[in-house]
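User: I am new to this structure and would like to learn how to read its features. Can we go through them one at a time?

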There are 2 protein chains.
Amino acid sequence: MDLQQLDLFAKDIIRQAGQRIRDAFSYDLKVETKSDANDLVTNIDRETEVFFIEKIKEYDSSHKILGEEGMGEKVESLDGVVWIIDPIDGTMNFVKQHRHFMITIGIFVEGVGKLGYIYDVMREDLFCAMTGHGAWYNDTPLRKLKPVKLEEAVIGINATWVTPNKKVNHEKLIELVRTVRGTRSYGAAAMEIAFVVSGKLDAYLSMRLSPWDVAGGIIIAQEVGALASNLKGQPFNLLMQDTFMIANPSIHGQILAQYVELK
Amino acid sequence: MDLQQLDLFAKDIIRQAGQRIRDAFSYDLKVETKSDANDLVTNIDRETEVFFIEKIKEYDSSHKILGEEGMGEKVESLDGVVWIIDPIDGTMNFVKQHRHFMITIGIFVEGVGKLGYIYDVMREDLFCAMTGHGAWYNDTPLRKLKPVKLEEAVIGINATWVTPNKKVNHEKLIELVRTVRGTRSYGAAAMEIAFVVSGKLDAYLSMRLSPWDVAGGIIIAQEVGALASNLKGQPFNLLMQDTFMIANPSIHGQILAQYVELK
């Protein structure tokens, strides 16, 4: 397995897919009044996933693809080489904001994360990593995260989770929100994860994410020292939905121990 | 009063100030480890406000300036021509994220909003309006907002306000968060306001904002049909802190009537 070559290939098709989305988007925006925005998005989402599947199968037909849109084969294990792909993370942002949506991909070899990508399509910004070789924001190496105190942290959390819900004790999360310096919510998990690995946020947590939301980010996290887990502190389950947190290592354990109480 | 000329002048000094911030920022980032990030920000904030004051006084010494940093004279009324300026809205984003901070300015003549600006410094994106003449996003005219149902709305609200607090009945806001399609929080009031006037968000509300946070946005709002008010439904008080909401006109009244209960 030539990971360098695979990395170049992955970056190439991610940038190609980004260009396709920007083109389709720019064309379809002109006919926006005629088309249903939801259908438009679903179509671009699916077309992008099919684009990835075709390119990857051309590259190596033994690679398996697990994608949000389910256009690939059924993937029930991480044996062999598995690409976990979200062609558009942040669908609602895509529709309403025309920004803040990401392509994100994690490539796993025999269950081990090797290559991770989060690509901000409209900014043309790439966060990526190769396990053991570091992480980058475009051409700039990402540094190891510096320690941060919880009182000075800015965290990504959706308002929903500090209201009564079935997943988690919201009273504890209210304490968390009051303890930290500030909270943010961008409506795209991969964007919030990209912000954590680059120190723009100090933590991000969610009660329900899918493998394709986090696969790329988990791999980048390792290279900058960010800790990613489910909210029990275990590895995120890459074959089903799970709870999720990624955080600066100086506050990951503290948040889990003091502020997260799953129901 | 030649508003066209004043508009050109305002845009010119906003872009100059943006360039100064980007330059200072890029230089100071290199010495980041030596300097205290908070001091750095305070300095750039103040220097930017002083830059505006000097330029404006050169243009017309009778113009008054009300700024966040308080570097201008004391402004106790909106008589004459008053510039209300926030040199950097989103200070924490400036420090941690190196993006998502705005210069925002409103120019009032005898208490009436005439020219409004929100400038995303790092994107070099300008949202602006001249009262009675329309609003623009860079060179593109902003359209009147289309009606939206509350159930399909995406709103800007900080997680703090759906937790028990002294300002507002949070139980009602929890209902609001559950009713809408989604929530966002960007940590910069002017950014959320810019998103509402351009249809990227459908509403934004806060329990405590200052005149410089909203002055520019309120003027842009009028031109696209967005409604801006305090949370009692009255005009925002431009000489002191106040509650605030800006929203698509199809949901502004509904949110106020059904979901906002001030304490």
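User: In which helix of chain B does B:V95 lie?

Analyst: This is a predicted model. B:V95 belongs to helix 3 of chain B.

User: Is B:V95 buried, partly exposed or exposed?

Analyst: The relative accessibility decides this. For B:V95 the value is 23%, so the residue counts as partly exposed; the buried class ends under 20%.

User: How far apart are the C-alpha atoms of B:V95 and B:E49?

Analyst: The two C-alpha atoms are separated by 18 Å, and the residues are 46 apart along the chain.

User: Next, the interface. How many residues of chain B are in contact with chain A?

Analyst: On chain B there are 36 such residues, and they contact 36 residues of chain A. Area is another way to read an interface. The two chains bury about 3200 Å² between them, with 47% of it on carbon and sulfur atoms. Of the area that chain B buries against chain A, 21% comes from B:K96, B:R99 and B:R184, more than from any other three residues.

User: How many salt bridges does the rule find across the interface of chain B and chain A?

Analyst: The rule finds four. In a salt bridge between A:D202 and B:K96, the side chains meet at 2.6 Å, N to O. As for polar contacts, 17 residue pairs between chain B and chain A are counted.

User: Which elements of chain B give two or more residues to the side that touches chain A?

Analyst: They are helix 3 (91-97), helix 4 (170-179), strand 9 (182-184) and helix 5 (189-197) of chain B. Helix 3 of chain B gives the most, with four residues. By residue type, the side of chain B that touches chain A divides into 12 nonpolar, 11 polar and 13 charged.

User: How many residues of helix 5 of chain B are buried?

Analyst: Nine of the nine are buried, so helix 5 of chain B is largely enclosed by the rest of the structure. Among them are B:M191, B:E192, B:I193 and B:F195. Just after this helix, B:G199 takes a positive phi of about 75°.

User: Is A:C128 buried or exposed, and what about B:C128?

Analyst: A:C128 is buried, with a relative accessible area of 3%. B:C128 is buried as well, at 2%.

Methods. Residues numbered from 1 in each chain as written. Chains lettered and ligands numbered in written order. Predicted model: local features only at pLDDT ≥ 70, side-chain atom pairs only at ≥ 80, totals over all residues. Heavy atoms only, no water. Contact = heavy atoms within 4.5 Å. Buried area = accessible area lost by both parts, 1.4 Å probe. Polar contact = N/O pair within 3.5 Å; in protein donor to acceptor, adjacent residues only side chain to side chain. Nonpolar A, V, L, I, M, F, W, Y, C, P; charged D, E, K, R; others polar. Buried < 20%, exposed > 50% of the residue type's maximum accessible area, 1.4 Å probe, protein only.
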